[in-house]
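User: I am new to this structure and would like to learn how to read its features step by step. Could you take me through them?

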Amino acid sequence: MNTSSLLPSVLLVGCGKMGGAMLEGWIRHGLAPSVVMDRHDHTLPAPHQHARTLADIPADFTPDIIILAVKPQKADEVLGELGQRFPTTPLLSVMAGRTVENLAQRFSEANSAAKPTIIRAMPNTPCAIGAGISGLYAAPTVTDQQKQYCDQLLQAVGETVWVEQEDLIDSVTAVSGSGPAYVFLLAELMEKAGVEQGLPIETARKLARRTIFGAGALLDHSPLDAAELRTRVTSPGGTTAAALAVLMAPDAWPTTVSKAIQAAARRAKELSS
């Protein structure tokens, strides 16, 4: 029995980069006794347990929710088994591409009595430090309590937004799910450019990273939108204006960022087929 001070009990299936990032945050915030099922070894604090296969999970363990965090191509290997063992436990998928309909079909293939309620979410890796953002979609059969479980878990590692249409999860994936990589690339390129300007690599790296950190924190705390903040730090004829003239050229960021996000969304849709 969970107490109100604990997050819901979970069966986390897959503990790679995303699953591991979420697990770190959940354990810090007080996770009810849970099981992590992953083929790799994991050392977990008591009372949580590691299982390599479904057969290793204690017979008396019944999670509040199953978190499916395996690669989309690997999901079919476990969905049927989960449907046999936990036919009515709600399922939260953090995989790109795999639709509610597809997951429900695979979940019930080995057990026609399985009646899964499915929620899809797309978190991002800053969940590991409590600074994530997750977009969620709930199938019509999902109850308010099950949605609350998802909110409890994902708000423990960041913030949440809910979308009303399932295909918008692909857009969430493209903007925020993949988004940290875009920011890391910017840091990488700023560091490289700083070195090209004669800065020592350690100095260039610190300048790039702290600039991105500080600008992100200012953006997060300010009621102003990004365009207004940009305008306020851009003096006419100044150094920032000179740089932005390059970055905001028609064939530069306005086009390439849009194309990049379109490519990510398109790939998410391809994974669902």
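User: How many bridges join β6 to β7, and do these strands run parallel or antiparallel?

Analyst: Please keep in mind that this is a predicted model. In it, β6 and β7 run antiparallel and are joined by 4 bridges, and within this part of the sheet Met122 stands opposite Gly135 in β7. On its way to β8 (residues 158–162), β7 makes 5 bridges, and here the two strands run parallel, with Ile133 standing opposite Glu159 in β8.

User: Is β7 largely enclosed or open to the outside?

Analyst: Of the 7 residues of β7, 6 are buried, so this strand is largely enclosed by the rest of the structure.

User: In what order do the strands form the sheet, and which of them stand at the edges?

Analyst: The 8 strands make an open sheet with mixed pairing, in the order β3-β2-β1-β4-β5-β6-β7-β8. The edges are taken by β3 (49–51) and β8, each of which has a single partner strand, so one side of each is left without a neighbour in the sheet. On average, neighbouring strands of this sheet are turned by 25 degrees against each other, direction ignored. Another pair to look at is β4 with β5, which run parallel and are joined by 3 bridges, with Ile67 standing opposite Leu92 in β5.

User: Which strands do helices α2 and α3 lie across?

Analyst: Helix α2 lies across β1 (10–13), β2 (35–37), β4 and β5, and runs at about 170 degrees to β4. Helix α3 lies across β4, β5, β6 and β7, and runs at about 130 degrees to β6.

User: How should I describe the way in which two helices pack, and at what angle do α2 and α3 cross?

Analyst: Two packed helices are described by the angle between their axes together with the distance between those axes. Here the axes of α2 (residues 76–85) and α3 (residues 100–108) come within 6 Å and cross at roughly 60 degrees; α2 and α3 are therefore oblique to each other. In the contact, Asp76, Leu79, Gly80, Leu82 and Gly83 of α2 meet Leu103, Arg106 and Phe107 of α3. The residues of this contact divide into 4 nonpolar, 2 polar and 2 charged.

User: Which residues of α3 are buried, and what covers them?

Analyst: The general idea is that an α-helix has 3.6 residues a turn, so residues three or four places apart point the same way. In α3, the buried residues are Val100, Asn102, Leu103 and Phe107. They cover an arc of only 165 degrees around the axis, which puts them on the same side of α3. What covers these residues includes β4 (65–68), α2, β5 (91–93), β6 (118–122) and β7 (132–138).

User: Is Val183 buried, partly exposed or exposed, and in which helix is it found?

Analyst: Val183 is found in helix α6 (residues 179–196), and with a relative accessibility of 38% this residue counts as partly exposed. Val183 and Thr43 are 140 residues apart along the chain, and their C-alpha atoms are separated by 31 Å.

User: What does the protein chain contain as a whole, and how much of it is buried?

Analyst: The protein chain has 10 helices and 8 strands, and its C-alpha atoms fill a box of roughly 70 × 40 × 35 Å, taken along the principal axes. Of its 273 residues, 41% are buried. Among the contacts with a separation of 6 or more, 63% are accounted for by residues 24 or more positions apart.

Terms used: Residues are numbered from 1 along each chain as its sequence is written. This is a predicted model: local features need pLDDT of at least 70, side-chain atom pairs count only at pLDDT 80 or more; totals for chains, interfaces and linings use all residues. Side-chain values use heavy atoms; hydrogens and water are left out. Axes are lines fitted to C-alpha atoms, for helices over the stretch in contact, and angles run from 0 to 180 degrees between N-to-C directions. Angles under 35 degrees count as roughly parallel, over 145 as roughly antiparallel, 65 to 115 as roughly perpendicular and the rest as oblique. Contact means heavy atoms within 4.5 Å. Ala, Val, Leu, Ile, Met, Phe, Trp, Tyr, Cys and Pro count as nonpolar, Asp, Glu, Lys and Arg as charged, and the others, Gly among them, as polar. Buried means under 20% relative accessible area, exposed over 50%, partly exposed in between (1.4 Å probe, protein chains only). The arc is that of the directions from the helix axis to the C-beta atoms. Two strands pair if DSSP finds at least two bridges between them.
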